[in-house]
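This report describes a structure for a reader who is new to the subject. Please keep the sequence and the model at hand while reading.

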Amino acid sequence: MKYQLNLRMLILILFILLLVEFCFSHPHHMEFWWQKMKGFFIPFSLVISIAMMFGAKTLGRWFLYKKPDYYDKD
Amino acid sequence: MLVPIHPALFFFVAALLAAVLPSRFRRAVQLAVPILAFIFLRNLIQVPQANLFFLGFTFRLVYIDQLSLLFSYTFLVFGFLANLYALHSEKKEIHIASNLYVGSSIGAILAGDLITLFIFWEIMALTSAVLIWNRQRSSSLGALFRYLLVHLTGGLFFFMGILLRLQENNSLMISGMGLDLAGWMFFIGFCVNAAVPPVHAWMADAYPEGTPSGSVYLSCFTSKVAVYVFARVFLGEDLLIYLGAIAAVYGVIYALMENDIRRLLSYHIICQVGYMLIGIGIGGHLGLNAGVGHAIGNILFKGLLFMATGAMIHMTGYSKLSDLGGLAKKSTWLVIFYMVGALAISGAPLLNGYVTKTLLVQAAGQAHYGWLELVMLAVAIGTFMSIALKLAYFAFWTRKTPPSLKQPIASNMYLAMGLTSALCILLGVYPKLLFDLLPYPHHYHVFDITHVLQTFELLIGTLVGFMLIRKYLHTKDVISLDTDWLYRKGASFFIKRICNPTRQLQENIQDRWTQSISNTYGNLMTFFRHQIITTVGWPLLIMSSASLVIGLIIIWTI
């Protein structure tokens, strides 16, 4: 219940941030397309954070994780 | 005006004093030395060069410009904070080694020629090894040997670079150079100390093995001295951009996998050094300022994180996330200080990490490296995820009952963490203090509303992502393999499959030779005894030997 509430609150904050960006942000010196796209960093951070975490865990499980005594074993 | 004294000398004297003074006086010396060195460094600005003539070479023991001054100031400030943090420690060895380590780091920063730099560089390697060994566990000893092996190899490359440079143009100057043969030697030597992949694994191997106080020192000097020499020698070298990007991504991926809290932070040093190298590789005023500024910021927030995790280990005796949890109930201040460091490294606004990361993003944008900007933002997400969310969540909040307390956190540790946090906030709120000290002082506009909003979107978006998948993030008691596998398992393979059979072969050959020589000798002796002595007798033998000697003397005289 508390978890759901926190999550909803965070999503609400993201909406407020997006709204503020639409109203008050007038960026200049835009070099790249993603800088011109308002709210780009919300989906970007969501996708990257989930992908990175799963990617790292998968890499670990498939190849890199070993028991703590791995180097002590002969 | 005070007598000009090299600031490193104060630390070397303090190391001697630490060995002989009782603990109360030793503590006073530990706090006074960085302050004294700071005063004398200010005084030394008026003597920007101090030369020593020896063996036909000019050695510049002191070379002061804006870059070396900025690093020296930061090292002294952090040296004071680290000394304050370690003040409760009764182990003399830590104080002796830390003084030598900080002193040699400052010596390396102020060095104006390659030989002086090399000497301090090697003292740093040896004294930091003592800090690793000080925990005196069997794993520490193994890590110490591997650390020395890697660093002495790096030092060898550095030394070969010096010899080649001397052969080419008889110069010992530390100045910009390209990637010719000598340049490559230097480059590899510096990469080892900066922990750039693939020669980075020593860091995650050795730093977690130090004592909590020892690791605080270790986290801040070796890699930053390497970043400093990169800035001096390879400014604007494109290769650094690509290596920096690889280091940043590599470090953050491994940090996400890690279970040991100090190994996790060590991977983040690799990651953050990547950011610094990107700035130096981009070059120009903005690139250099951004890379160097990030190094300065990193010394503070990474030091703070090592202090906080050291306090966790000091308090509980555990260093793995799978063993920790619920520590928020034990110390609220620890949570606050840790979160200041974690948010600073994640680039949250009003903290110093935000300022320097903004400069780095601006530098990448200005140099038209779009992909690099996206990589840096993705790495910032991974950093926030691993340090501010994963580590904090599993250490402070997961368990309802925290592990039992081994000992409370000492007040000097709290004070050191508080002061370091205050500096992180001060430089974040009032970045002009940092901008004025950068190699090219300039007032950058970092609090642009669009950028602040985008940073918040990035951080809160990541937080939402973490909340969605946190169920799947259980920590397990595992280690992750890295490139050190090559010399840890590879060395044992080499010994088993190559050294042992070779030794056996050598022993076999040796045995056979010994046997056959002894047989021949035995046969000769038997022949001598039975055939000659029994046949001709002793008097004739002595006479013939004497005539042989006399004959030889005559031949020699002629």
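Predicted model: local features only at pLDDT ≥ 70, side-chain atom pairs only at ≥ 80, totals over all residues.

Residues are numbered from 1 along each chain as its sequence is written, chains are lettered from A and ligands numbered from 1 in the order in which they are written, and side-chain values use heavy atoms, with hydrogens and water left out.

## Overall make-up

Chain B contains 21 helices and three strands. Here helices (H or I, at least four residues) and strands (E, at least two) are DSSP runs, numbered from the N terminus. The C-alpha trace of chain B spans about 115 × 60 × 55 Å along its principal axes. Of the 558 residues of chain B, 57% count as buried; buried means under 20% relative accessible area, exposed means over 50%, and partly exposed lies in between, with a 1.4 Å probe and protein chains only. Contact means heavy atoms within 4.5 Å. Among contacts in chain B between residues at least 6 apart in sequence, 82% join residues at least 24 apart.

## Two helix pairs

Axes are lines fitted to C-alpha atoms, for helices over the stretch in contact, and angles run from 0 to 180 degrees between N-to-C directions.

| Helix pair of chain B | Axes come within | Crossing angle |
|---|---|---|
| Helix 11 (residues 238-257) and helix 16 (residues 370-397) | 9 Å | roughly 25° |
| Helix 2 (residues 23-44) and helix 4 (residues 92-110) | 11 Å | roughly 5° |

Helix 2 of chain B is therefore roughly parallel to helix 4 of chain B. The term covers angles under 35 degrees; those over 145 count as roughly antiparallel, 65 to 115 as roughly perpendicular and the rest as oblique.

The contact of helix 11 with helix 16 of chain B has 14 nonpolar, three polar and one charged residues.

## Nonpolar cores

A nonpolar core is a set of buried Ala, Val, Leu, Ile, Met, Phe, Trp, Tyr and Cys residues joined through side-chain atoms within 4.5 Å. In soluble globular proteins, nonpolar side chains tend to be buried together. Which residues touch the most other members of the largest nonpolar core? Of its 196 residues, they are Phe230(B), Met312(B), Tyr338(B) and Met417(B). Helix 13 (residues 284-316) of chain B supplies the largest share of this core, 18 residues. A second, separate core of nine residues includes Leu7(A), Leu10(A), Leu14(A) and Met467(B).

Not counting residues up to four places away in sequence, Met312(B) touches residues including Ile261(B), Leu324(B), Tyr338(B) and Phe396(B).

His268(B) lies in helix 12 (residues 261-282) of chain B and is buried, with a relative accessible area of 0%. Beyond residues up to four places away in sequence, His268(B) touches, among others, Val252(B), Ala255(B), Thr383(B) and Ser386(B).

Thr358(B) belongs to helix 15 (residues 352-366) of chain B and is buried, with a relative accessible area of 3%. Leaving aside neighbours within four places in sequence, Thr358(B) is in contact with Val446(B) and His451(B).

## Backbone features

Most residues other than glycine have a negative phi, and most peptide bonds are trans. Asn170(B), although not a glycine, has a positive phi of about 50°. Asn170(B) is in the loop between helix 6 (138-169) and helix 7 of chain B and is exposed, with a relative accessible area of 56%. His368(B) also has a positive phi, near 60°; His368(B) is in the loop between helix 15 and helix 16 of chain B and is exposed. Finally, a cis peptide bond joins Pro197(B) and Pro198(B), with omega about 10°.

Methods:
Nonpolar A, V, L, I, M, F, W, Y, C, P; charged D, E, K, R; others polar.
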